[in-house]
Each structure stands twice: as C-alpha cells, then as structure tokens.
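The sequence and structure are shown first, and the discussion follows.

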Amino acid sequence: MFTLSGRTAVVTGGSRGIGYEISSFLAEAGMNVAVLSKNGQHAVDASKKLTEKGYHSKGFACDVSDVRSIEAAVQDVVSCYHMIDVLINCAGILDTASMDMLSEEVWDAVIDTNLKGTFFMIQKTLPYLEKSAAPRIVNISSNAGRMGGYENGVAYSASKGGIISLTYAVARKLAPKGITVNCVAPGTIESDMTKAYSGEAKQRLITRFPLGRFGQASEVAAAVGYFVSEQAAFTTGAVLDVNGGLFMG
C-alpha cells in the first residue's frame, strides 16, 4: 500500500526497543537502514541481525547529546550509503525522579539526549535530506509530552513536550523544501525503557489506558511507516498518538 523501498533511513536509538522495531520495519520494507546507538557495539549487533535476515543495514556509534559525535556519524553514514532520505529521531532516556530529587545532572542528560539531540540530528542531516526525492523526518515523542506523565519524571515530560513543539517549528521551516516533519507520540510501550518502572508503577499505569494494555513497539513502527512513505508527502507538522486512548485531543 505504501512505498518505502529504495531509500536510506537513519534511526537514532535504533539498536533496542522501539528504535530496533522501527529499524526492522523499515529494513523489511526495502530501505537501507543506518542503525545509530551510543554504544557502537549495540549498533553493530542490531544491524547484523537485520543483515542476517537479508536486509540492508549497517551500525554506527553516535551519542546524540554530543554534536561532534552526530557530525561524525552522519559523515560515516553518507560515506557508506551516499545519501540520507529519512531521519527517525528515536534516541531517548527516561527519568523517574521525583521533583524534589531531580538533579541538575539528570535534567541536563535527559534534555541533551532527547531534545537537543533531536534538533542537531535534523540540522546535520539536512544537507542530505534536501537532495532526496522523498525526504522525511519523524520524531518520537511520548504521551508524557502531550499531557505530562504519571510515573516518569518532569525532565522526561519536558523533553518530550519540547520534541512536539520542535516538530511544529521545523515542519513549518522545512515545508518550502518539500521535507515533511512529523511526530509519533506513544503511550507506555513494552520495551527496555519500561523496565525502569516497578511492578506497582506498571499496574497503576495500565489501569489508566482505555484499551487496558500497554502498546507494542511494532505498533509504533507501523505509525512511523506511514509518515516515511512516499504517499505521505502532504502530511507535515502532524502528531500521531499511539497510546491506547490515554490522550484524546
């Protein structure tokens, strides 16, 4: 139904959880997938799993909180694939600290990775996206960025709300270039990140979802698939909520 094949995608945080599911979805659809992870070995291992299935993928180390690391990784991707058509900003870290216990160090780490990293990945890949026939940017936010989180900390909510606002701002700036910029805002997804929650916190969370369950990473990947398709050329500045009905706006 949707055309995704024949292009090169960069997926930050692409070695685990939601990021890996997105990487796998895009690779299976026929894209070259550059898997980026702060841990270079994790990136290599994830891309190896994809190539063993017959897909086209390569792993690269990238700490998105460090602009120099972003620049180096983008150059490595371009050296390998000669092009970037799609950018998926999925790298992120969670905080669960109470407001009175949130340290400056944790605040800075969360904002630098989740929000600053998203912007500078866009900035550094832009020269290549401008050359693409079907350029796409998809940012991964969170339900916490829509309405605040119940169990996560405020730094996480602030960073994810910032990603939504950043999506709107960049979509408006890049629309004249034909580059679409959209956002997926998942609710709680079964992933490595949710392991940070206690069993009690998970039970409190699940009762808040009208659909009565947490989401699956594959459901987020499917939403990303629409945004990166060639058929989504008239959709920009949109936020798709994949959250089991927790937020309806």
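A disulfide is defined here as a pair of cysteine sulfur atoms within 2.5 Å. The model is a predicted one, in which local features need pLDDT of at least 70 and side-chain atom pairs count only at pLDDT 80 or more, while totals for chains, interfaces and linings use all residues. Residues are numbered from 1 along each chain as its sequence is written, and side-chain values use heavy atoms, with hydrogens and water left out.

**Cysteines**

Under the disulfide criterion, the count is 0 disulfides. Cys 80 takes part in no disulfide, and the nearest cysteine sulfur, belonging to Cys 62, is 15 Å away. For Cys 90, the closest cysteine sulfur is that of Cys 183, at 11 Å, which is too far for a bond.

**Salt bridges**

Side chains of opposite charge can pair when their charged atoms come close. The rule applied for a salt bridge is a side-chain nitrogen of Lys or Arg within 4 Å of a carboxyl oxygen of Asp or Glu.

| Salt bridge | N to O distance |
|---|---|
| Glu 71 and Lys 124 | 3.2 Å |
| Lys 177 and Glu 130 | 3.0 Å |
| Glu 151 and Arg 204 | 2.8 Å |

Secondary-structure elements are DSSP runs numbered from the N terminus: helices are H or I runs of at least four residues, and strands are E runs of at least two.

Glu 71 and Lys 124 form a salt bridge with their closest N and O atoms 3.2 Å apart. Glu 71 belongs to helix α3 (residues 67-81) and Lys 124 to helix α4 (residues 104-129), so this pair ties together parts 53 residues apart in sequence. Glu 71 is partly exposed, with a relative accessible area of 35%, and Lys 124 is also partly exposed, at 23%.

The side chains of Lys 177 and Glu 130 meet at 3.0 Å, N to O. Lys 177 lies in the loop between α6 (154-174) and β6 (180-186), and Glu 130 in the loop between α4 and β5 (136-140), so the pair ties together parts that are 47 residues apart in sequence. Lys 177 is partly exposed at 44% relative accessibility, as is Glu 130 at 39%.

In the pair of Glu 151 and Arg 204, the N to O distance is 2.8 Å. Glu 151 counts as buried at 18% relative accessibility, whereas Arg 204 is partly exposed at 42%.

**Two helical positions**

Thr 118 is located in helix α4 and is buried, with a relative accessible area of 4%. Taking contact to mean heavy atoms within 4.5 Å, and not counting residues up to four places away in sequence, Thr 118 touches Asn 89, Thr 113, Asn 139, Ile 163 and Leu 166.

Gly 40 is placed in helix α2 (residues 40-52) and counts as partly exposed at 24% relative accessibility. The C-alpha atoms of Gly 40 and Ser 15 are separated by 9.4 Å, the two residues being 25 residues apart along the chain.

How values were computed:
Buried < 20%, exposed > 50% of the residue type's maximum accessible area, 1.4 Å probe, protein only.
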